[in-house]
Amino acid sequence: FLRYNLSYIRNHCRQNPTTFWIMFRSYSILSLLLTTCALPWCTVAFVGPISRPRGHLALWDASSSSSDDSVKKKDLASSSPVSPPGVAAASTTTIDGSSSNSEMLQDLARQVTAESQELYACLSIMSQALLQSSVTATDIVECCDTLDQLGAASAGESNSSDGNALTVTGELLDLRRRALEFQRYTFLSKLLKDDYEAYIATASFLSPSRIPRGELPNVQDVPLVKGGATNAAVTVGNDGVSLVADCDLEAMEYKDSPLDQLLLNIFRKLVTQHTNGVTSEKSGIEGLLEQGRTYMLQPGQTAEAQHKMVYNTLKSLMTPVLPPFYRIFMTGIVPKINSPWDGKQIGPWFYAPFLTSFVTPVFFAFLVGPSKPNLRKDGSLGGLVVEKCKFLQESGCKGLCLHQCKLPAQQFFDQELGLALTVS
């Protein structure tokens, strides 16, 4: 059988020289890879048992010892069987070089083995988190305990002597930490989706002492201070509108990017256009807030007029092109094409909330400040968390926040774009 195959390959290569060179290069590369991978293991297996002779070790240590010790060790070396000068020097040098290479290859092999085992362990942790169907608060606490133990190991503290003690060190600790953080986030996300009340209780208990607030999948009802009230509402006015209590966070310092400054200038010009010329000499967000305050305090002003002004400003900011594009490719609203489906909504598409939350931090930071995507209250994608709203902090007025930001933004997304938005 082998003879038949070799003859077939030989005849085929004679007729097609190109095939011969392709096979030759392929087999050469394959042989080089196999040799590179197998040589360290073979060298460790065959060269590893070799050790330096005792006399040679004594001569090596004599260079850093006293003169008397040097004489003793040289005598010890000379007591070994005498060989011709050239042969003795060559044999000693060969054994020493082989031993050094052997130890180096053994260390390399141990390092590769340890890294492979750690990679397998991290993949097992992540796959277990993804495949586990039900999650309890106990699972999350145990994951936090393991992370605390890992932090103690990275700080140089002694590990426990039980069977679960961590044995990884150095750079492998960071890999294990990332895998455990992924497991913890996945467990929290599943608990959020399955039992929201249990998630709030667990997150409130563990954050921020053991889980940083920024690593929670949802912070909507998680108090900022442990033991504090969760979005305690107060009633303002006769209309019964509920607002959150005063924020106790320290004031943030916002740094606008060139894009933020550009969008803010455009937005201010649009506000001037839709308020019949209300403007301000101040620059930046302070000028925008003065415009909004002046418009709000005009005689006979109503909340509905403020909502309409912001609605039209947002519509102009998005230009005539973006809303139709968003309605078609995000929320699934059929355009007017003279069909029975004109104006009907068959969406939103599954990716619309996530992509919207991914783009919003870039193009609306000039109003709300830094934000980042997270999970919604039901555990699905499409949430956006803003720890400290720029518009609310700089204005210090809940009336401006409610009637010139929150309510008109919700109306705009729902009526103009076809995607429900809840600002809470």
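My entries on rings and helices follow.

I note that this is a predicted model, in which local features need pLDDT of at least 70, side-chain atom pairs count only at pLDDT 80 or more, and totals for chains, interfaces and linings use all residues. Residues are numbered from 1 along each chain as its sequence is written, and side-chain values use heavy atoms, with hydrogens and water left out.

**Rings.** I looked up the aromatic pairs and found eight; rings of Phe, Tyr and Trp (its six-membered ring) pair if their centres lie within 6.5 Å, and planes under 30 degrees apart count as stacked, over 60 as edge-to-face and the rest as tilted. The ring centres of Y196 and Y199 are 6.5 Å apart with planes at 35°, so I recorded this pair as tilted. Both residues, Y196 and Y199, are buried (under 20% relative accessible area, 1.4 Å probe, protein chains only). I also noted one aromatic cluster, formed by F267, F364 and F366.

**Helices.** I then turned to helix α9 (residues 258-274) and helix α11 (residues 303-317), whose axes come within 9 Å and cross at roughly 135°; helices are DSSP runs (H or I, at least four residues), numbered from the N terminus, and axes are lines fitted to C-alpha atoms over the stretch in contact, with angles from 0 to 180 degrees between N-to-C directions. The contact (heavy atoms within 4.5 Å) is made by residues including I266, F267 and L270 of α9 and M309, N312 and T313 of α11.

Note on methods
Buried means under 20% relative accessible area, exposed over 50%, partly exposed in between (1.4 Å probe, protein chains only). Helices (H or I, at least four residues) and strands (E, at least two) are DSSP runs, numbered from the N terminus.
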